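Me: I have a structure to go through. Can you start with the charged pairs and then move on to the strands?

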Amino acid sequence: MSLAFLFLSDTLGTVSDWLMVVVTAITAFFLYKTLKSQKEVQHTQNELFKIESIRFRESIKPLLKYSASVDKLKPGDESKKILTVEVINETDSMALDISRFVSENEQTQQIVVPTGFSDIRNHLIKGDSPMLFHFLIDSNAYASKYINFALKYQDVAGTKYKQGVFCICDNYGIEINPFLPEVIN
């Protein structure tokens, strides 16, 4: 009697009830696998978006090149000289809103020497005449031979950059060392 009790449809349900439970379990399993797969695809797409975003940012980032000389301008005092730093853009990407005044510390003394219409522009593209930055160097002052400044600019997307430049101008020649540009917020 107890065995017959187990096979009653009121106790355990019918075969169709059990079949519905099995189909629901299989559907839930495949639904879980589908959602897990979609999550992995979404993660991969986010990583690809980050990579493409970096690639785009790097493709429009201006690359500035620096060179220096002391032969362009001569001050009246023999113990002083004027270091002229020329800045050019090596890429086709435009550098905008370039800061004209770059002095950052006491030993770096920037001077303004008007040389033409190009002195008022604040952008730089490949093929433009170089932007000139002039610094007064006193041969009697040891610290004056080390020039440290930073140039601020932005790309066409509005990303702002700051690039430091360390320059040594002594009896042995001129050495110019630009830092890597850093993004500023």
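Reply: The side chains of E86 and K72 meet in a salt bridge, at 2.9 Å from N to O. E86 is in strand β2 (residues 80–89) and K72 in the loop between β1 (64–69) and β2, so the pair links distant parts of the chain, 14 residues apart. A salt bridge here is a side-chain nitrogen of Lys or Arg within 4 Å of a carboxyl oxygen of Asp or Glu. Helices (H or I, at least four residues) and strands (E, at least two) are DSSP runs, numbered from the N terminus.

Me: What kind of model is it?
Reply: This is a predicted model, where local features need pLDDT of at least 70 and side-chain atom pairs count only at pLDDT 80 or more, while totals for chains, interfaces and linings use all residues. Residues are numbered from 1 along each chain as its sequence is written, and side-chain values use heavy atoms, without hydrogens and water.

Me: Is E86 buried or exposed?
Reply: E86 is buried, at 18% relative accessible area. Buried means under 20%, exposed over 50% and partly exposed in between (1.4 Å probe, protein chains only). K72 is partly exposed at 45%.

Me: How many salt bridges in the whole structure?
Reply: Six. Among them is R55 with E52, at 3.2 Å from N to O.

Me: Now strands. How do β5 and β6 pair?
Reply: Strand β5 (residues 146–154) and strand β6 (residues 160–170) are antiparallel, over nine bridges. Pairing requires at least two bridges between the strands in DSSP. F149 stands opposite V165 in β6.

Me: What about the turn?
Reply: Five residues separate β5 and β6 in a hairpin, and G158 in the turn has a positive phi of about 95°.
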